[in-house]
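Keep the model open as you read.

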Amino acid sequence: MIDPNFWWLTPLLLALLIGLICPTTGALLITQRRILLANLMAHSVLPGLVLALAFELDPTIGGLISGLLGALLAEKLNQQFKGREEAAMNTVLAGFTALGVLLVPLLQARVDLETILFGDLLAANGGDLIRTFIATAALSILLLTRYEDLVFIGIDPDGAIAAKRPVSQIRFLAIVITALVVISAITAVGIVLVIALLCAPVLIHIEASSSLRSLMLRSAATGLLLCGGGMSMAMVADLPPGPLIGVLCVVLLLVKSTTARWNSTN
């Protein structure tokens, strides 16, 4: 049992794990030009979370199923709307979000939408840590066993298909792991802000990275600093950690943009 004086240890550990796995997953998705899928899944988990909470089931299972359904529906529509995939995916994103909001009054569910949307890191518990460890283990296994294929797909997806690499299988595994990562991160930063952690640490390093491995390591290190620093600042200033981490992501991009512009003019 954790000493009450160290109540912050679980939230901090969770924040660090989220800071590690979100940018790593984001690096995979951005290099494969599939980051919109992560945004869609972050919103698609909402109906499943509401249903699970309404019927007193494990919200992780509900969110995972709902997120996968949203992703699979988007993949199906993408095949029918070639060249207009973003419009189809944004429609699914909006539809699942709206469904989740509608289910709250329909089921008279006791759901704190603000917590789901923006996170409540300080309320993290052992169950949240276990879910995040599972997501971390799943992501690690994918990287250790399929790294070369992930690089191939990111560089030349058509070539990977022509070379008879298991592209569909790997993409499905990536979808499942992305759903696990998103669900884990919801506790820390919520549905709305998780996409910032998936993207911002990657964007500042993508041009300077010579390989996918380098990009993932640099992004993960930046994510650790963002989440660890955001958690520490929130405790000192008595502010909600999730929104603060989201703001730090934007500030990081602004600093990177300003620095790059300054360097280019000198």
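Axes are lines fitted to C-alpha atoms, for helices over the stretch in contact, with angles running from 0 to 180 degrees between N-to-C directions. Helices themselves are DSSP runs (H or I, at least four residues), numbered from the N terminus. This is a predicted model, so local features need pLDDT of at least 70 and side-chain atom pairs count only at pLDDT 80 or more, while totals for chains, interfaces and linings use all residues. Residues are numbered from 1 along each chain as its sequence is written, and side-chain values use heavy atoms, leaving out hydrogens and water.

Take α6 (residues 126-155) and α9 (residues 212-237): they pack at about 120°, with axes 11 Å apart. The two are therefore oblique to each other. From α6 come L143, Y147, L150 and V151, and from α9 come L212, R213 and M216; contact here means heavy atoms within 4.5 Å. Sorted by class, that's six nonpolar, no polar and one charged. (Ala, Val, Leu, Ile, Met, Phe, Trp, Tyr, Cys and Pro count as nonpolar, Asp, Glu, Lys and Arg as charged, and the others, Gly among them, as polar.)

Now turn to α2 (residues 35-54) and α4 (residues 85-106), whose angle is about 20° and whose axes lie 8 Å apart. That makes α2 roughly parallel to α4. Residues on the α2 side include L36, L40 and H43, and they meet a set in α4 that includes M89, L93 and F96. The contact of α2 with α4 divides into 15 nonpolar, six polar and one charged.

Of its 23 lining residues, R34, E75, N78, E85 and R171 lie nearest the centre. The largest share of that lining, five residues, comes from α8. By class, the pocket lining has 11 nonpolar, four polar and eight charged residues.

Conventions:
Parallel < 35°, antiparallel > 145°, perpendicular 65-115°, else oblique. 1 Å grid on protein atoms, 1.4 Å probe; cavity = no way out; pocket = protein on both sides within 12 Å on 5 of 7 lines; lining within 4 Å.
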